[in-house]
Amino acid sequence: MSEAAFTRPITKTPQTDVPEKLSELKTLAYNLRWTWHPETQDLFSQIDTKAWSVHHNAVKLLQDTPVERFEELANDAGFMEAYHNVRKALQTDLSRKTWLESKYSRYADQLVVYLCAEFALHESLPIYSGGLGILAGDHTKSASDIGLPFIGVGLMYRNGYFKQEIDGNGHQKNIYPSHDFNQLAVQEIVDADGKPVTVTVELSDGTVEVKAWLCEVGRSLLILLDTDFDANSEKYRSITHQLYGGDRRMRISQEIVLGIGGVRMLEKLQIKPSVWHMNEGHVAFSLFERIKRLMEEHELSFEEAAEVVTGSTVFTTHTPVPAGNEAFSLPLVDEFFTAYCQELGISITDMLSLGLLEDELGNKFFSMTILALRLSCKANGVSKLHGIVSQKMWSHLWENVPALENPITSITNGIHAQTWIAPEIAALYDKSLSSDWRQNLGNTDFWQEVKSIPDAALESTSQLLKNRFIAFVRTRLKQQYKRNGFNEQRIQAIDSWLDPKALTIGFARRFATYKRATLMFSDLKRLDKIINDPAKPVQFIFAGKAHPADTEGQALIKRIWEMSQKPEFLGKIIILENYDMEVGRQLVQGVDVWLNNPRRPQEASGTSGQKVPINGGLNFSVLDGWWPEAYDGTNGWEIGKEKDYVDDKRQDKDDVISLYENLEKEIVPKYYGTEGNREAWFSAVKSSIATVTPVFNTEVMVCNYFEQLYKHGIDRNHKTSDSDFAGARDLSIYKEILYENWPLVHCTSVDLEMDNNHLDVTAELYLGELEPEDVEVQVYFASTLEDKNDATVLQLHHAKDSDTFTSKFSLRSEIPQHLHKVQPQLRVVAKHDETNQTIELGLMYVKHID
C-alpha cells in the first residue's frame, strides 16, 4: 500500500538556448497539459508561427528557436504578460483542490497505475495507433483533471505505428519514421548520478535491458519503456521499434517487456500502487511478475500472492469478438515462460491453465484476456452493449452462472472534452452559458442551457469551422497529389473541391472489415442522386489506416480511392491520408454529420462520434457501441434497428437501405431546411450537445472508474495486504476448502408454496465441511428478456440446523403477481463476506423446483 501517491522520478532534459528569464517555457513544453490549454498553444505560436503550425511540437520549437529570437521575446511586453499568465495558470491548476480531494479525501494519496500498449496524447508524440490509445490518452488527462494520483505505463516506440501514404492508385504505403526522443515531450529517467535507470527482463533466448522515459500530462505521469539503446543487440533494440508490428515472437517479447518490465521499473523507482488497471490484455503478464515479487519479498505461496494481486487489479476489455482478443500459441508461451515458472515455483501447466482457451475448431491458445479476467477483482466492457457481449463471450469462465449475472460490468467510454473541442465553440459556450462549462462537464441540467444559444450564433461558428476544415483538406490533398505525380491542372482543381455550404459527412476510423467503410457504395446510382442534387448537395470525407498486414482493410481504402476518382464523385468524395490526432480534430470539428456503420454488435464503444456533438455536429450511426445509450430520436439518426443478425448479407442489405432512406428523407431535408429556415436542424444540434456532452466525457468516465472499480480495488487491497497479508492467507485457505467441498453441495429437500402474493420456501442443504455463512441460498426467478438482467433473486435466511448433518434455510416474502408464471429455481452461491465475493467465485449450484 502506498503511504504517499508517488515521488516524481529524476529526469535528464536536453539543453536548449532558452534564457533564464524564460526558463519556465521548458516546464510548459514538457507538460502536455498544453495540448488542452489553448492559451499555452497561443504562447508557443508567438515564438514562431510558421514552425508551430507545421509541427505543433513545443519541445522541438524550443530546440530549433535561435537565442536571438528568445532575447526579442524577453523584451516583448505582450509576450511576457502572456508567458506569466500561462505559467500562473499551470501552477494554479496543479495546486487547486480537486474532485477527488473534495469527495474522497481519504483516497487522495492512493496511486492508480494504468498499463496500456499505447497512449495517444497528441500528434507530436506519435506512439499510438487508434481508439485504444486515444481512450488511454484521454483517460490520463481526465485523471489529472479530477486529481487522481495516476501513472500510466507503456512503451516508447521508435517508429510509432506508421505514417500512412496513399499512392496514385489508392494503395496504402507504410512509412516508419525514426523519431528522435530528444525532440519529443519526454525526459529520460536517470538516477542520482545522472545515469539511465534500467531493469532487465529475461526472454527465451537472452536478457534485454530496459530503460524508461517520463512524460508529464498535467498532474499525471507516463513511464514509457525503451529497449532501443546501446546495451542491447539489434534484435532486442527492435522490440520497442513498432507498435503492433512484427510476428508473434515480437509481440510476446513486447508484452513481456511491457508487463514484466513495467512492474520491475516501478519497483526500481520505488513506486507502490494501491490499485493496478490493465487496459486490454496486452499487459496481463504483469500479473505474474507482481505475484513473483510478493512470493519473494513476503514469503507467500503462489495462491496467497495471487489473492493479493487479484484484489488490487481491475481489467478493461475492449474487444467484442473472440478472435480479436490477444492470444498466443501454447508452445510459444511454454518457450518463453518455462524458466520463469520454475522461479515462481509452479509448473508451466499451471500457468497455461490460467489462460487456456479452446476455439470451436478444437485449437488451443493462451488467452491474455482470460488470464486478466481470472486475476482481476473487477472487469468491465466499454459500453453497456459491449458489457453484455463480453458477459456472453466469456460466460464459460463462470460455470452454471447465467451470462448476464457474471461479474463483467460496463463503464462507457468518453472523450476528453477540452482536447477535442474547437476553440471557437469553446468561446461560444464561454459567452452563452451561465458559468464555466469546464467545471460542469457532468452536469446534465447545466448543458440544457445550450438550447438558448441563438441559431445564428451556432450557424456562424459551425461555418467558420467548416471553412477551416475544407482549407485543411485542400492543403493536404494538394501535397498528396503532387507527391503522386498528378498534373498541375488536377492539383489546382482541388481549390474548387468541397462546397463550404454543402452538407458534409465524415467517416474516419481504422479500416477493419466489420466497420463496413464501403457500405454506402452499395447502390452507386442512388448515391449519385444524393451527392449531386444541385439544390441540396452532399459530400463525404473519409480517413483511416489499415494494419499493414490487413490486406482486406487496405482493399477498402483502394475502393474508396477509386470511388473518389470517378467523374461524378470527384471533389465530393474525399479520402485523406495519415489519419492521426490532428486530422481527427479537424474532422470532428468541421463536419456536419458523423457516419458510423459497423456490423452490430462488433463495435465495443467507438469514441470518434462522441467528439462531434460538443463541436456542433450530429451522429448518424448503427445502434452499436455507445450510440444506443445516447440516441433518443432528437439528437441524431439511427442506421438499421437494435437487433442482431445471423446473416451478414441480410444485415448489410437492411442497413444500407436505412442509410439511404435516412439521408434522403431525414438528414438532407433537415440540413437545408424549408425556404432557408434551419430551425429543425439546430434544434437537433442543441439536443445532441445537451444529451451527449455531459454523459460521454472522460471526466465522468474516470469518476465512474474510481467509484465502481478503483475504490473497490484499493479497499480490497487493504483487506488482503494488511496485518502481514492475513486476509490473503485466510482467503486462500477458504478457497481451497470451498473448491474441495463444492462438488458435494446439494439440496436434500425443498418445499415451496406461492399463495396470492406470498412466497414460502424452506430448503435443506448438505454442505460438506462448509459452514452456512460460506454460502448464499436464493430463490431465483429467471430473466424474461434476452439482453437485460431483470431476474428476481430472493435470499433465504439460515434457520436452525437439523440433526441430519444438513443446514436449513427459509424465506417468507411478498412477491409480484407476474412471478407466479415464472418457474423458480433454488440456487446456492459461494460467498466470502470479507471480500464481498459471490458470483465472482464462479461457483453455483442450481436445483429446479417443480
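Which residues touch the most other members of the largest nonpolar core? Before I answer, please keep in mind that this is a predicted model, in which local features need pLDDT of at least 70 and side-chain atom pairs count only at pLDDT 80 or more, while totals for chains, interfaces and linings use all residues. Residues are numbered from 1 along each chain as its sequence is written, and side-chain values use heavy atoms, with hydrogens and water left out.

The answer is Leu25, Ile223 and Phe285, in a core of 152 residues. A nonpolar core here is a set of buried Ala, Val, Leu, Ile, Met, Phe, Trp, Tyr and Cys residues joined through side-chain atoms within 4.5 Å, and buried means under 20% relative accessible area, as against exposed at over 50% and partly exposed in between, with a 1.4 Å probe and protein chains only. Helix α27, residues 698-741, gives this core its largest share, 10 residues; helices (H or I, at least four residues) and strands (E, at least two) are DSSP runs numbered from the N terminus. If we set aside residues up to four places away in sequence, isoleucine 223 touches, among others, Ile151, Val153, Trp213, Met265 and Leu269, where contact means heavy atoms within 4.5 Å. Apart from this core lies another, of 90 residues, which includes Ile494, Phe540, Val593 and Ile614.

Let me turn to the aromatic rings. The structure holds 36 aromatic pairs, and rings of Phe, Tyr and Trp (its six-membered ring) pair if their centres lie within 6.5 Å, counting as stacked with planes under 30 degrees apart, as edge-to-face over 60, and as tilted for the rest. One of them joins phenylalanine 507 and phenylalanine 542, a tilted pair with 5.5 Å from centre to centre and 45° between the planes. Because phenylalanine 507 lies in strand β17 (residues 503-508) and phenylalanine 542 in strand β18 (residues 538-543), the pair ties together parts that are 35 residues apart in sequence. Both phenylalanine 507 and phenylalanine 542 are buried. Elsewhere, ring pairs link Phe285, Phe288, Phe328, Phe337, Tyr340 and Phe366 into a cluster.

Charges also meet rings: the charged end of lysine 545 sits over the ring of phenylalanine 162, 5.0 Å from its centre, and lysine 611 lies over the face of tryptophan 420, at 4.7 Å from the ring centre. The rule asks for NZ of Lys or CZ of Arg within 6 Å of the ring centre and within 35 degrees of the ring normal.

As for the cysteines, a disulfide is taken as a pair of cysteine sulfur atoms within 2.5 Å, and by this rule the count comes to zero. Cysteine 377, for example, is in no disulfide, and the nearest cysteine sulfur, that of cysteine 116, is 19 Å away. Cysteine 377 is buried, with a relative accessible area of 6%, and cysteine 341 counts as buried at 1%.

Strand β24 (residues 758-766) pairs with β28 in the antiparallel sense over eight bridges, two strands being paired if DSSP finds at least two bridges between them. In this pairing valine 761 stands opposite leucine 811. Strand β27 (residues 797-798) also runs antiparallel to β28, joined to it by two bridges, and there histidine 798 stands opposite phenylalanine 809.
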